[in-house]
Amino acid sequence: MPRFEMKEGTSNKFWEITQDEAVLTTRWGRIGTDGQEKTQTFKHGYEAGASYRKQIAEKEAKGYTRVKPTDTAPKPKVNKELEAAILKAPEAAEGYLVYGDWFQSQGDPRGELIALQHALSQAKGAEATALKRKAAALLKKHQDVLLGAPLAKMLEDKTLSIGWNLGFIQSARVAVARYGEDPEFHIDEALKILLAHPSARFLQEVTIGLASNEGENEYSDLIKLVAKSAPKSVRKVFIGDYVFPDETEISWTEVGNVAPLYKALPQLRSLHLRGGEVTLGKIELPELREFTMESGGLDRGSVKSIAAANWPKLERLEVWFGAEEYGAGGNVKSIQPILDAQGLPELKHLGLCNAEFTNELVEALPKAKVLKQLETLDLSRGTLTDKGAEVLLANAAAFKHLKRLDLTQNLLSAKVAKSLAKLCPDVALGHQRHDDSDEDDEHRYVAVGE
């Protein structure tokens, strides 16, 4: 229940409000007393929500300030030498186990949690179930030390979800609250508190869901916060984990400047971006294994950044180009360095998706140097027509080594799609968007634009 207080002069009052569907409950009185309680029942939930927001605005106008949960547990002890050893190899269990022994010698419950979760990682069946319950009980018993009031409230409000591993938070996802809900912490506050928390000091995966459900969905400030405060242990970042078009349109999203992440997280292994208005700059991520850029309109500058990047360890590259009317600026010429496999010695999966130039791509691919080293190729969501399919069939030998070829959500007729089924062992052909006008350039469109 959100709590507001006013301490001014002789005033020392509190006010609380909560909404449960169409029912509002308020409590008020002098701080230190139980106060009085009132319940209002509305005909519809949206009416209760409107009253909820109106009453909060009225109280804030009168000088009431929202009180947010704070941690009251003493600051945990740390061993910097042991932490440094973990940061060198945050994926390995050995460092955590040594730290767990040290925690147990200090009487810190995190030591027992590390031992339990390590045993759980080795167990199966009934033993695993029992250990999982025991670890959950330990987390609940020592929530004040291991999690703290703010993170616990974020979990309750569903603006935060986390995954534990060996006594610490390994993965975390933050997102704005559902429309009409009023969480204790806004998304930027939630992310800042999470990244500073002792349990997240070896965080490896950061996911940011919908950043705003009112107006533009922007990530610039959140990216800056990750670059400034995320631990060096972070290996995976996903900016824009939302469902489109249900939550927002992909081209209504402003990813922002991603470049600050490069120096801040030099050990990054996976970077996934979804949206438009992105600035990539000079990409320098020598340890990256996976890069995904999903867009309804990827600008020419971003395409050039991707094509010019040196990816010595990259194994998977996926780019959604989008529609020209939403800002897309890519073409076969702009991605020639990729087709030439420049700076891509380890690439095994290539996705050139959601493109208005898929027919032109299939003409260039048979002679592309990169094709020979690929195991999987994704040309989905694009504008491949029966005419382009003829090029694929005429160059079938160039594609036969692939383990998988994804041609879903293109513009193929059923008959021609069927003829492509034997290009390689696994050809995905479902959900074609064919109609009689698909051979007309003016009527071709990608699967994801707006």
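## Helix 5

On one side of helix 5, Ala126, Arg133, Lys140 and Lys141 are exposed (exposed means over 50% relative accessible area, buried under 20%, partly exposed in between, with a 1.4 Å probe and protein chains only). Ala128, Leu131, Ala135, Leu138 and Leu139 of this helix are buried. Viewed down the helix axis, the buried residues fall within an arc of 100°, so they line one face of helix 5; the arc is that of the directions from the axis to the C-beta atoms. These buried residues pack against helix 4 (109-122), helix 6 (143-146) and strand 6 (160-165), where contact means heavy atoms within 4.5 Å.

Helix 5 covers residues 125-141, 17 residues in total, and spans 25 Å from its first C-alpha to its last, close to the 24 Å expected at 1.5 Å a residue. The expected span is 1.5 Å times one less than the number of residues. Helices (H or I, at least four residues) and strands (E, at least two) are DSSP runs numbered from the N terminus.

## Basis of the model

This is a predicted model, in which local features need pLDDT of at least 70 and side-chain atom pairs count only at pLDDT 80 or more, while totals for chains, interfaces and linings use all residues. Residues are numbered from 1 along each chain as its sequence is written, and side-chain values use heavy atoms, with hydrogens and water left out.

Strand 16 (residues 349-355) is mostly covered, with seven of its seven residues buried. It pairs in the parallel sense with strand 15 (residues 316-322) over six bridges; two strands pair if DSSP finds at least two bridges between them. Gly351 of strand 16 is the bridge partner of Glu318.

Strand 16 also runs parallel to strand 17 (residues 376-378), joined to it by three bridges. Here Gly351 has Asp378 as its bridge partner in strand 17. Between strands 16 and 17 the chain passes through helix 13 (residues 358-364), and this β-α-β crossover is right-handed: with the strands pointing away from the viewer, the path from the first strand over the helix to the second runs clockwise.

## Sheet 9-11-13

An open sheet is formed by three strands in the order 9-11-13, with parallel pairing. Strand 9 (217-218) and strand 13 (276-279) stand at the edges with a single partner strand each, so one side of each has no neighbour in the sheet. Strands 11 and 13 are joined by three bridges, and Asn257 stands opposite Thr279 in strand 13.

## Nonpolar cores

A nonpolar core is a set of buried Ala, Val, Leu, Ile, Met, Phe, Trp, Tyr and Cys residues joined through side-chain atoms within 4.5 Å. The largest has 96 residues, and those with the most contacts inside it are Ile208, Val258, Leu271, Leu273, Phe291, Ile306 and Leu377. Leaving out residues up to four places away in sequence, Leu377 touches Leu350, Leu365, Leu371, Phe399, Leu402, Arg404, Leu405 and Asp406. A second, separate core of ten residues includes Ile86, Tyr96, Trp102 and Phe168.

## Backbone features in loops

Most residues other than glycine have a negative phi, and most peptide bonds are trans. Phe244 and Pro245 are joined by a cis peptide bond, with omega about 5°; Pro245 lies in the loop between strand 10 (236-239) and strand 11 (253-257).

Ala341 has a positive phi, near 60°, and is found in the loop between helix 12 (336-339) and strand 16. Its relative accessibility is 13%, so Ala341 counts as buried. Gln409, in the loop between strand 18 (404-406) and helix 16 (414-419), has a positive phi near 55°. Gln409 is partly exposed, with a relative accessible area of 25%.
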